[in-house]
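The report below walks through one protein model, from its backbone to its side-chain pairs. Please keep the sequence and the 3D view open while reading.

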Amino acid sequence: ANNNLLVDPGFEVNTAGWPARGTGVTLARPNLHKSAGISALQINTGAVNGSGAQDATFSSALQSTTQYTLSFYARVDSASSSFATLQAGRADNGTALTTCVLNSNTVVNSGWTRYSCTFTTATVSGSPTIYIGQSDATSRTFYIDSVQLQTGSNITPYQIGGIQLRGVITIPVSINPGYNS
């Protein structure tokens, strides 16, 4: 089962739960680039180390000394240069950023790549956040989508949602996936 703790992980509703992190950062929700669903989060970084986006809207509160796995898809558009300074992490107290070791730090312009890291929280207080951004001070634009935060160390396929049928279907039904992970 997919136990994603993020409220709007695919940016299907808006970007309200994902404020910018860093000076000069702007966020948008275009439908041109997306890994699943109808949109993604466009991050226009400022020329500041550590700039990106963060999220503090969880479906249940983060717990102290608990293992979590963060996974997401990222890309730059085909006209932009790839970059090797992607970083992600969390702020257990909402302020002090602790990065985690991603499976890769290179974001390419040839399509979506899934990134992940596993971490254990320290003492959680205030308004904890997760963060996705860059470790250098270069101004650039990149996109993230299909973000998952799950307890434990297992990474499951991203799911936009589920369908429940609670009745009798009396006509033929065809269900085709719009995205196959």
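Thr65 counts as exposed because its relative accessibility is 65%, where exposed means over 50% relative accessible area, buried means under 20%, and partly exposed lies in between, with a 1.4 Å probe and protein chains only. Thr65 is found in the loop between β4 and β5 (67–75), and although Thr65 is not a glycine, its phi is positive, at about 45°. The strand names follow DSSP, with strands being E runs of at least two residues, numbered from the N terminus.

Phe11, a residue other than glycine, also has a positive phi, near 60°. Phe11 belongs to the segment before β1 and counts as buried because its relative accessibility is 0%.

## Basis of the model

This is a predicted model, in which local features need pLDDT of at least 70 and side-chain atom pairs count only at pLDDT 80 or more, whereas totals for chains, interfaces and linings use all residues. Residues are numbered from 1 along each chain as its sequence is written, and side-chain values use heavy atoms, with hydrogens and water left out.

## The open sheet

Five strands, in the order β1-β4-β9-β6-β7, form an open sheet whose pairing is antiparallel. The edge strands, each of which pairs on one side only, are β1 (20–21) and β7 (98–100). Two strands are taken to pair if DSSP finds at least two bridges between them.

## Gln54 and its surroundings

Which residues does Gln54 contact, leaving aside its neighbours within four places in sequence? They are Gly17, Trp18, Pro19, Ala20, Arg21, Thr129, Ile130 and Tyr131, with contact meaning heavy atoms within 4.5 Å.

Gln54 has its place in strand β4, and it is classed as buried because its relative accessible area is 14%. Gln54 and Thr85, which are 31 residues apart in sequence, are 17 Å apart in space, C-alpha to C-alpha.

## The disulfide

A disulfide is a covalent bond between the sulfur atoms of two cysteines, and it is assigned here to a pair of cysteine sulfur atoms within 2.5 Å. The structure holds one disulfide, which joins Cys100 to Cys117 with an S to S distance of 2.0 Å. This pair links distant parts of the chain, with Cys100 in strand β7 and Cys117 in strand β8 (residues 113–120), 17 residues apart.

The link of Cys100 and Cys117 is left-handed, with -45° about the S-S bond. Are these cysteines buried or exposed? Both Cys100 and Cys117 are buried.

## Salt bridges

Side chains of opposite charge can pair when their charged atoms come close. The structure holds two salt bridges, each defined by a side-chain nitrogen of Lys or Arg within 4 Å of a carboxyl oxygen of Asp or Glu.

In one of these, the side chains of Asp92 and Arg90 meet with an N to O distance of 3.1 Å. Asp92 is buried because its relative accessible area is 10%, and Arg90 counts as buried because its relative accessibility is 9%. Arg140 forms a salt bridge with Asp136, and the closest N and O atoms of this pair are 2.9 Å apart. Arg140, at 17% relative accessibility, counts as buried, and Asp136 is likewise buried, with a relative accessible area of 18%.

## A nonpolar surface patch

Ile169, Ile171, Val173 and Ile175 make a nonpolar surface patch of about 410 Å². Patches are made of residues with over 30% relative accessible area and no salt bridge, with nonpolar side chains (Val, Leu, Ile, Met, Phe, Trp, Tyr) joined within 5 Å and like charges within 9 Å; accessible areas come from the Shrake-Rupley method with a 1.4 Å probe, and for residues only the protein chains shown count as cover.

One of the patch residues, Ile175, lies in the segment after β10 (141–151). Ile175 counts as exposed because its relative accessibility is 57%.

Notes
Helix = DSSP H or I, 4+ residues; strand = E, 2+ residues; numbered from the N terminus.
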